[in-house]
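Below is a note for a colleague who is meeting this structure for the first time. Please read the numbered points with the model open beside them.

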Amino acid sequence: MISEREQAIKEFVSSGDYCLKSGVFLVGGASRSAIYDINTGNVYSLNKSADKILTEQTEDVEFWKKLADMGLAGPSEEKGDSILPELLRKPSLQFVWFEVVSNDCNESCIHCYAECMPPTYRKAMGFTVEEDGVSNPKQEKDKKISFEKWKQLIDETYSLGCRRCQFIGGEPFLYRGENSKTVLDLAEHAQSIGYEFIEIFTNGTLLTGEKVQRIKELGLNVAVSLYSNDEKIHDSITKTPGSFKKTKEALMLLKEADVPVRVETVLMGPNEQTIEETQKFVEEMEFSHKQPDVLRPKGRGDDPSIMPTKETVVKYGLMLSPSFSITRDILSRNISGHSCLLGKITITDNGDVLPCIFSRNLIVGNVQETTIKEIVFGQKLEAVWKSTKDNVLVCQDCEYKYACFDCRPLSEGVNQGKGEYLTAPYPRCTYNPYTGGWAKGVWGVDGKGKPYYDETLRLEIEEVMAIEKGGEKK
């Protein structure tokens, strides 16, 4: 293990007549190190011999000349001023999820991380808090944020420097404020005060031509969930007959109106056989999309019966080889705090503030009890925002840690009952920083909270890699 992690990133590393150029950094790891070049975006892996040369444990002028030829090193006398201090950011609010409807949805998806469902289902299952005229803490906590309060929160987050937001649910188009105000009225308010990016994440089934036209006029973005191009599979996941047809009709309306749309697909057992066709379907409709999001074991998603097969997890969920790039912004973010969570918050419809929509149990404050400003500058949120990979088991010993992505809710979910939220190892990385090897297993936590390299997926990893290289499945 590395004992002095604060020394893991170094600039202007030098030896004799040469030194690394400005913007070129050396990051140490347990068995190897890496050069980050924010001038070109390249990340170079170095073995122990190369690391010893750079850290002046051995001399090799020819190696330094090669670095100079690659544009990574130059004459020592040209050494400039340190830029590391200016890369360190002060945490600030950058993105807000306004979860205007937290529990209610007109669908009841089998994998929902927030366990949303139609209000009628919730009442039938006895989850509704009945009004009995007696005030109690639970009822106070369950009191929903009013339309005027949401407007106030939008104003306050903007005043703290935030310019990007998403309205989300449940299903955000179920939201009804005073005088029948809708999520589009809230989005219009955000647009009117200067929010630069506003997105509504919806299942699309409640969209109409009139709503789409207003979305277009307001300059909003839309994200839509689509689970399969197969109607039966999509509807079986949403547990809502006819949902595929309505979602597809909504996508066509959005396309005709030329609204910026991205389509998101959660990959799970029930839809994994149609995932490639679904991606082609989205591409043919000319919508933006990312790699399918492999199911996170959160909420109803924590159900072994809907987990995708091991082969699918390996193909779509695991990092099997180094594919890193580094920019000034990425490096600045990753040495200052968490690669994903830094600067983000979720505000639920009862006022709870979470660091992420998936972190349902990590409440850092409540806007009905205190101000957004006090929460944003409070110790609970600061601890999450400032937590870098230097705090994560295994990652803290990796030379790629400041160039790599991380997901704390996923890490906690996979290691339930064993790993801590801020320290559990990232479970989708196959790199072993202690051996320098890739694609033999993934990291987990044992019953004592210690990390271990789990090789139970090794056969599936080898088969997927063989197929990707043009071979056949064993």
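1. Asn 179 is exposed, with a relative accessible area of 73%; here exposed means over 50% relative accessible area, buried under 20%, and partly exposed in between, with a 1.4 Å probe and protein chains only. The residue is found in the loop between strand 9 and helix 7, and its phi is near 60°, a positive value in a residue other than glycine. Helices (H or I, at least four residues) and strands (E, at least two) are DSSP runs, numbered from the N terminus.

2. This is a predicted model, in which local features need pLDDT of at least 70 and side-chain atom pairs count only at pLDDT 80 or more, while totals for chains, interfaces and linings use all residues. Residues are numbered from 1 along each chain as its sequence is written, and side-chain values use heavy atoms, with hydrogens and water left out.

3. Two further backbone features deserve a look. Most residues other than glycine have a negative phi, and most peptide bonds are trans. Glu 286, in the loop between helix 11 (275-284) and strand 14, has a positive phi near 65°, and this residue is exposed, with a relative accessible area of 64%. The peptide bond from Gly 169 to Gly 170 is cis, with omega near 25°, and Gly 170 lies in the loop between strand 9 and helix 7.

4. An open sheet is formed by 9 strands in the order 14-12-11-10-9-8-16-17-18, with mixed pairing, where two strands pair if DSSP finds at least two bridges between them. Strand 14 (288-289) and strand 18 (365-366) stand at the edges with a single partner strand each, so one side of each is left without a neighbour in the sheet. Strand 8 (residues 95-99) and strand 16 (residues 344-347) pair in the parallel sense over 4 bridges, and Val 96 stands opposite Ile 345 in strand 16. Helix 6 (residues 147-159) packs on this sheet, touching strand 8, strand 9 (164-168) and strand 16, and its direction makes about 175° with that of strand 8; axes are lines fitted to C-alpha atoms, for helices over the stretch in contact, and angles run from 0 to 180 degrees between N-to-C directions.

5. Which residues touch the most other members of the largest nonpolar core? Of its 54 residues, they are Phe 98, Phe 167 and Ile 347, a nonpolar core being a set of buried Ala, Val, Leu, Ile, Met, Phe, Trp, Tyr and Cys residues joined through side-chain atoms within 4.5 Å. Helix 7 (residues 183-193) supplies the largest share of this core, 5 residues. Apart from it lies another core, of 41 residues, among them Val 294, Tyr 316, Val 442 and Ile 461.

6. Glu 460, found in helix 17 (residues 458-468), is buried yet has no salt bridge, and the nearest side chain of opposite charge, Lys 310, is 4.6 Å away. A salt bridge is a side-chain nitrogen of Lys or Arg within 4 Å of a carboxyl oxygen of Asp or Glu; Lys and Arg count as positive and Asp and Glu as negative, while His and the chain ends are not counted. Leaving aside neighbours within four places in sequence, Glu 460 is in contact (heavy atoms within 4.5 Å) with Lys 310, Glu 311 and Val 314.
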